[in-house]
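The following explanation is written for a reader who meets this structure for the first time. Please keep the sequence and the model in view while reading.

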Amino acid sequence: MTTQKKAISLSVNGISYEASIEPRMTLADLLRGELVLTGTHVGCEHGVCGACTVLLDGRAVRACLMLAVQADGASLTTVEGLETDGELHPIQQAFIEEHGLQCGFCTPGFLLTVHELLENSPDPSDDEVRDALGGQICRCTGYQAILRSVRLAATRLRDAQAAASSQGS
Amino acid sequence: MSVEIPKTLEDFPNSSPRFVGRGVDRVEDPHLVTGRTEFIDNVVLPGMLHAAILRSPVAHARITGIDVSEAEKLPGVFAIVTGEDAKRWSFPPPTAPEEWGTHCMATDKVRYVGEPVAAVAAVDRYVAEDAIELIAVDYEPLEVVADPAKAMEPGSPLVIEEKGTNVMLQRVFNWGEVDEAFRDADRVFTEKFRWNRLGANPLETFGVIAQWDPVAGSLTLRASVQSATHFGLGRAAVFGLPSNKVRVIGHPHGGSFGGKGGTRGTDVTALLTRKAGGRPVKWIEDRAEYLTGGGSQSWDRHYEVSLAVKDDGRVTGLDVKLLDDMGATGECFGAINTVKPLAAFTGPYTIPVARYDLTIVATNKLPQSPYRGMGPPPHFCALEQMMDIAARDLEIDPAEMRRKNFIPKDAFPYTIASGNEYDSGDYEAVLDGALELSDYPELRERQARARAEGRCVGIGVVSAIEPGVFDWNAYAIVGVQGIGVPEGATVSIDILGKISIRVGFALEGQGQYTLATQLVADYFNVGFEDITVVPLDTFSAPPAFGPGGSRLGVALTGAVLGACEKLRAKLVRVAAGLFQMDPEQVDLVDGNLVAKGVPGVEMSMPQVVGTMLARSDLLPPDIDPRPEATYVWTAAGRTEADEEGRAKSYLTAAQAVHVVMVEVDPETGLVEILEYCVVDDCGTRLNPATVEGQTEGSIAQGIGAALLEEYVYDDQGQILTSSYMDYLLPTINEVPATKKGIVVTPSPFTPLGAKGCGEGAMHTTPAAILSAINDALVPLGARATEVPASPNRLWNLIRGAKERTAGE
Ligand code: FES
Ligand code: FES
């Protein structure tokens, strides 16, 4: 049943990897098992919970539903890629301050989904946030603190943006 | 040595505490938000194999043959186990009720869909899954019993033949003169309720790495377990090992809510590592396994409830008949869910007498597990509907109906009919708070306007109790032994004054490491950065149970503060020796050891600790030179259950009132929550932010219970909800924003006055939503008595009511 392995190369969090893998291996298993990026979590393995969400060329995808070979040549961001030199990303910081997590198992998936949302829509309405997060399941928080976290993160990111552009001008 | 645990923050040796009682950031979070927390599936051991489990596709069948020969030939397969190995190396597990267990893999027949039949350990999970597909099992179908009422009939197929019956337990408890109360009542109301199976569904499934040491004859288990100690003792019993030969290393869990389960899977994995000569074997339950064969399912209940009521609205008697479908065995201790209601049987009310007619039955379904709340939530859901039914008939406002029957605030500590004692409360203040916060009169006006427009809008006003700090004695009637649940902590200071807190439980979501840090930081007047919380395995941790039964916040506070007090006493004695004074003349003040009334005579904590470590020759001869102390906390005053099951069991009683407004769409049966308001009293809030998180999370789970979540079985015991496409969890779109208020009546029985609060709104939310739905349905003449009140159920109910009125 094992089939011929296939060589792929991809970049994850700015680091280039090459791997020789079975075509049936999921992207989640590649990230977690082969590349030891275990921050990407697997909650359902059938595409419903969103825990395994990563960014593939900037778009949120479910790593449990994709085959690793489909990511050949792609550039990925996982939760491990959010911080810079040990500095938390403002979204991570906002989740801490607003208690947007309890067990934290869903959190990497939420962080990356929020990251995509705020890239595209820096000042989202609550409805937009609900829309974007409608496919992410959190069993612990009841989502209210997550909403508060997203609002705080959006504000912080906008402020940082404004500060940067006023400095630049 | 008797230890005085601080009763309030004022008793701390710190003039300006900064952390306890504040919503501080959690120490757990930086690891979690960066993906660094070591969940069990992240762990890789040298030589580790991966397990896959072959499970029964049918609910009841005799196994007439298992052929593993093809699987054995597959390259990469190291070990295969079946029921034969289970018989050879293990025993059925401890259960509740006792002796309702079977081996971890089917030995002669399968008893439910999802029961393990064989398992493989291989180089990776892919190969292991390939291998189980090569195993051929011959099943000879047996008649299935998937209905608890049928399971009780004579001639029903038996789930466990040796028992001679499917009835696991049948008992009637009478607390007071119940018949008399019903005879003397002005009105008696009776209704039936159905609560369908649902369950915990933590986002992380269960996982374990088992390693057998063939030389020592010992087993090491790394697992995402809630109570490592309890888990280890159970495994020792299963494998016939001395308890000091089973070591459990707890790993952080991605949620648990009581329903993490995993004992069967662990036992299967342990057989695999033994068969593989001691190679470590990892088993990560997948979601389908969790949903069909894991710790996923709880509370499968058929109720008939009667209320004896006086014309003035006083409730004088409660009679609850419960038939609970426990599934195939008692291995997951699901039966304790049926007896925990004794801890709060009559809710927040003064109902003086009560009866509980309890039947627990085995069927060909997955054995029930615990779930957040452990059984009272369905009980309260039924009780609160009865309160509404009575109020409606008496034309009393539902809020006033509750008020009339509340235990008055000066009656605490108050012993309820079923024997438990409530510590404290001010239920009217909570009710008033909720009515004010929700602007109840205005809600009623809005409802009247909506009704005038022909819309189905309803309001639920509901109150319930959250029993906190569980004790084993609460479960005596289903065969659980013992009283007292220890929780220990060690507080240790190093030579530079840095502090470690050693505990016996793994990280969960409730922020307990933060709580321990808050307590120690304030006690010794240090910062969060000076403290580390260290979880230890069962061989090295102080005695501990860990989270469960709304207990750990209170128990851990007791343990940590007890250890702090003991350590303070030690430091004071050492300092007194160095000052050449009596210990009574020395004190710990803001983190320094000072001579009372002698300005300038003082030492910093690190100085004293340094002396203890480096100059034990200077210490009083009887003093242990380690600058650390361990304290094991248990709840005081717990009593043995009497012949009617009555005991002082749960130590605290938190209380809440929820006011909910919903709209039911009569065309679709869909329910929309328009307003959600909660006021609760769980005593002192040690970290208000995490308490709020527990409330919000448990409201969401309550919404799931009331409207969405249900495990569906067909009459052949086939489960129809084996993915999250079918078993519906609440998403961000189903959970509304809530208005929240608090009342604080500190518990007189706990350190700092905190009450158990982790299970929270799960006790109240399902009842509140169902009440609101029923209020909405009044004009239609319909009454919902089944949860989840799913769109199809409500739609059918409404259609039936319409047909009835049209027929009149
Ligand atoms: S694990 Fe991928 S969506 Fe659940
Ligand atoms: S924090 Fe536990 S699932 Fe979201």
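The model shown here is predicted. The size of an interface is often expressed as the accessible area lost when the parts come together. Here chain A and chain B bury about 4,200 Å² between them, and 58% of that area lies on carbon and sulfur atoms. On the side of chain A, the residues A:His99, A:Gln102 and A:Arg139 supply 20% of the area that this chain buries against chain B, more than any other three residues.

The polar side of the contact may be considered next. Between chain A and chain B there are 25 residue pairs in polar contact, counting pairs with both residues at pLDDT 80 or more.

Side chains of opposite charge can pair when their charged atoms come close. Six salt bridges are counted between chain A and chain B. In one salt bridge, the side chain of A:Arg139 meets that of B:Glu709, at 2.8 Å from N to O. A:Arg139 is also one of the three residues named above for their share of the area buried by chain A.

Attention now passes to chain B, where four strands form an open sheet in the order 18-26-27-28, with mixed pairing. Its edges are strand 18 (456-468) and strand 28 (739-742) of chain B, each of which pairs on one side only. On average, neighbouring strands of the sheet are turned by 15° against each other, direction ignored. Strand 27 (residues 671-681) and strand 28 of chain B run parallel and are joined by four bridges. B:Cys677 has B:Lys739, in strand 28 of chain B, as its bridge partner. Helix 19 (residues 765-777) of chain B lies across strand 18, strand 26 (652-664) and strand 27 of chain B, and runs at about 155° to strand 18 of chain B.

Over all chains, the whole structure holds 72 salt bridges. One salt bridge joins the side chains of B:Glu428 and B:Arg403, at 2.8 Å from N to O. This pair links distant parts of the chain, 25 residues apart: B:Glu428 belongs to helix 13 (residues 427-437) and B:Arg403 to helix 12 (residues 398-405) of chain B.

Definitions and conventions:
Residues numbered from 1 in each chain as written. Chains lettered and ligands numbered in written order. Predicted model: local features only at pLDDT ≥ 70, side-chain atom pairs only at ≥ 80, totals over all residues. Heavy atoms only, no water. Pairing = 2+ DSSP bridges. Helix = DSSP H or I, 4+ residues; strand = E, 2+ residues; numbered from the N terminus. Axes fitted to C-alpha atoms, helices over the stretch in contact; angles between N-to-C directions. Contact = heavy atoms within 4.5 Å. Buried area = accessible area lost by both parts, 1.4 Å probe. Salt bridge = Lys/Arg side-chain N within 4 Å of Asp/Glu carboxyl O. Polar contact = N/O pair within 3.5 Å; in protein donor to acceptor, adjacent residues only side chain to side chain.
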